[in-house]
Amino acid sequence: MYVILVYDIGEKRVGKMLKLCRKYLNWIQNSVFEGEISEVKLKELSIFAKSIMDISEDSMIIFSNRTGYYMDKIIVGKERMKLDNFL
């Protein structure tokens, strides 16, 4: 499935969260990630993220598209991380 993940996390924990999310998804902008991920890997990512987060202060939002179709992406301004579709 294709997901967009966005988080808002305390300054002390942001480095750990960035490192975790980069293992699973493509970093496209501060606290924003996107990419294809299996349901199992997404669940794994969520479990690890919860262990980093302070649930009373931090948040993470995951938008998912299960159909497999890609959304159009329009970038206005500087693209933070260019992605290639080649493996």
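Across which strands does H2 lie, and at about what angle does H2 run to E4?

## Helices against the sheet

In this predicted model, H2 lies across E1 and E4, and its direction is at about 175 degrees to that of E4. H1 lies across E1, E2, strand E3 (32-36) and E4, and runs at about 175 degrees to E1.

## Strand order and pairing

The strands form an open sheet of 4 members in the order E2-E3-E1-E4, and their pairing is antiparallel. At the edges are strand E2 (26-29) and strand E4 (59-65), each of which pairs on one side only. Between neighbouring strands of this sheet the average turn is 25 degrees, with direction ignored.

Strands of a sheet pair through backbone hydrogen bonds, in either a parallel or an antiparallel sense. Between E1 and E4, the antiparallel pairing extends over 7 bridges, and Leu-5 has Ile-62 as its bridge partner in E4.

## The nonpolar core

The largest nonpolar core comprises 17 residues, and those with the most contacts inside it are Met-17, Leu-25, Ile-37 and Leu-45. At least two residues of this core come from each of strand E1 (2-8), helix H1 (14-24) and helix H2 (39-52). In soluble globular proteins, nonpolar side chains tend to be buried together.

## Surroundings of Leu-25

When residues up to four places away in sequence are not counted, Leu-25 touches Val-3, Leu-5, Phe-33, Glu-34, Gly-35, Ile-37 and Leu-45. Among these contacts of Leu-25, Ile-37 and Leu-45 are also listed with the residues that have the most contacts inside the core, while Leu-5 is the residue whose bridge partner in E4 is Ile-62.

Definitions and conventions:
Residues are numbered from 1 along each chain as its sequence is written. This is a predicted model: local features need pLDDT of at least 70, side-chain atom pairs count only at pLDDT 80 or more; totals for chains, interfaces and linings use all residues. Side-chain values use heavy atoms; hydrogens and water are left out. A nonpolar core is a set of buried Ala, Val, Leu, Ile, Met, Phe, Trp, Tyr and Cys residues joined through side-chain atoms within 4.5 Å. Buried means under 20% relative accessible area, exposed over 50%, partly exposed in between (1.4 Å probe, protein chains only). Contact means heavy atoms within 4.5 Å. Two strands pair if DSSP finds at least two bridges between them. Axes are lines fitted to C-alpha atoms, for helices over the stretch in contact, and angles run from 0 to 180 degrees between N-to-C directions.
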